[in-house]
Every structure is written in C-alpha cells, then in structure tokens.
Amino acid sequence: MLLCSVSPGHFYWLEPEHAFHPLQPYDMSRIALAFLQGSFAYAGWNFLNYVTEELIDPYRNLPRAIFISIPLVTFVYVCANIAYVTAISPQELMASNAVAVTFGEKLLGVMSLIMPISVALSTFGGLNGSLFTSSRLFFAGAREGHLPRLLAMIHVNRCTPIPALLFTCISTLLMLCTSDIYTLINYVGFINYLFYGVSVAGQIVLRIKEPDIHRPIKVSLAWPVIFLIFWTFLLIFSLYSEPVVCGRGLAIMLSGVPVYLFGVYWENKPKSFNSFIVKLNHLEQKLFMVVYPSEGSER
C-alpha cells in the first residue's frame, strides 16, 4: 500500500511545509481529542491480559505476545496512514466515510474492491477478539461475586461462557443507540482510559505498599509513570474539549454504583428475592445448558 502511493513520487503531503500546515488553529484540547480518537485503533493492546487463563504458560507467552504484536501492529498502522496521507489530501480525508476505500479507488483501479473486503475482514477480526476478551471480563467479574452468578457459567460440552457472551451482545446493542460513531468513540475512549489510568495507578500503589509480593511479570515503574503523565494530559484536555460527551460517559460509569450497592454490598437480601434468583438461574441453566465450572469438572 505504501509503495503504491510513494513509489510514483506522490509525497506532496509528507513534505514538512505541507504536513505541519494546520487546517485549524492549534488547540491543546483538539490535540488531546485527536489522541483519544486515534488511540481507539490501538485499543487491542491490552486484550491478552483478559484471557491469561486461556494461554499456555502465560508468564512466558504473554510478554512475548505483547512485545511482538504491539510493535508489529503499530508499524503496519503507521505505514497505512502514511500511504493514505500521500495519496489523499486532508480535505478528502475529512470528507471520506471510509478512507481505505477512497484510497483504493484512487490508486488501485479495477482492484479497488480489495480494500472494502480487507476492511471487512479486519473489522470481523477485531470484533472476534473483542468478543472473546470482553466476555471473559464479565465471566471473571461474576466469578468474583461482582455480577450475577449466571454469567460465571459455561456450556457443559463446549466450555464456552455463553451467558457472558450474550450479556456482551446486549451491551453492544445498547451502545448502538447513538448514530454518531465519533461520539461513541469518545464515550468508549474516555471511559476506557479512565479505567486504564486507575489500574496503572493501582499498580504503582501496590508496588510501594506491597513490595515483596510475588510478581511473575514485573516491569520498571518508569513505564506506568510515563503512562500516567500521558493519561492525565489526555483526560483533562478531552474533558475540556468535550465536556458534555465525557460527562455523559462519567454518568454511565457512575450508574454502576447503585447496582453495586444493591447487588454486592447489600448481603442480607430478603429470602424471597434470593429464591427468585435461584429459580431464575435454574431456568437459564436449562435454557443454555450451562453449569458452574466446578460442577462441570466434577462431571
């Protein structure tokens, strides 16, 4: 792709006087928002952490997979974007609904059909990875008692967390209530990075308060500190540039507090309520053919 656009000498928009010419006045809030939306393309960098139970020898293979995949994907994405910039002007980029398709139409001629097919395959690949990992979040949360126990069940034959997958599907459909993809990206990006920052900060706190805990995978504290500096810049300026969108995202996140208080913190629930939950679990177990992992292993 990069050779198709650069080899004929099409690098007008890569020249410094054109590449750094702003279409709009420089604004730190816009730069932060651009980082937030651009980072959405790299959102799979942490997916492997969710499925360590699925990995063979995770303490060895997890760092290896991260060290190989992140530089490789970054290289491919950067090359693809350089190719787009060399072939398409900034005005065309902003006007295009599918940049890769526009790129193919300009350079590939009759073979331009390759681009939408490639985009579709890439989308399905990303969706597959997202479903595979996101459902494990609900599965692990239910196993720890933070979500209904039904979500911690797996299929009796395939060992697939079907209830967690269905819950992921319902959550995804609810996100489609908005028709503006950029608003959705801002919602998801802001909340994701908020939790990423809290998780990384927790790692630093634990490293200081519990220095002697056994850590099979350990990195220098310089990396989480660098991440937190970038994270602070990103969230503060994103909140400044899109206060309504970020505020709605925070409201959606905080809506989980009463659910937590009712479902987890309140332990002495009425017997009638507990009986109803047990009957509901039995019904859904029969419907989906699922059991708790410990029960499945005993069989």
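Isoleucine 82 sits in helix 4 (residues 58-87); helices are DSSP runs of H or I with at least four residues, numbered from the N terminus. The model is predicted: local features need pLDDT of at least 70, side-chain atom pairs count only at pLDDT 80 or more, and totals for chains, interfaces and linings use all residues. Residues are numbered from 1 along each chain as its sequence is written, and side-chain values use heavy atoms, without hydrogens and water.

Isoleucine 82 has a relative accessible area of 31%, so it is partly exposed. Buried means under 20%, exposed over 50%, and partly exposed in between (1.4 Å probe, protein chains only).

The largest nonpolar core has 15 residues. Such a core is a set of buried Ala, Val, Leu, Ile, Met, Phe, Trp, Tyr and Cys residues joined through side-chain atoms within 4.5 Å. Leu36, Phe190 and Trp231 are among the residues that touch the most other members. Helix 3 (28-38), helix 9 (181-209) and helix 10 (222-241) each supply at least two residues. Helix 9 gives the most, with seven. A second, separate core holds eight residues, including Tyr84 and Phe103.

Three salt bridges are found in the whole structure. A salt bridge is a side-chain nitrogen of Lys or Arg within 4 Å of a carboxyl oxygen of Asp or Glu. Glutamate 53 pairs with arginine 143, with the closest N and O atoms 2.7 Å apart. Glutamate 53 lies in the loop between helix 3 and helix 4 and arginine 143 in helix 7 (residues 114-143), so the pair ties together parts 90 residues apart in sequence. Glutamate 53 is exposed, at 57%, whereas arginine 143 is partly exposed, at 42%.
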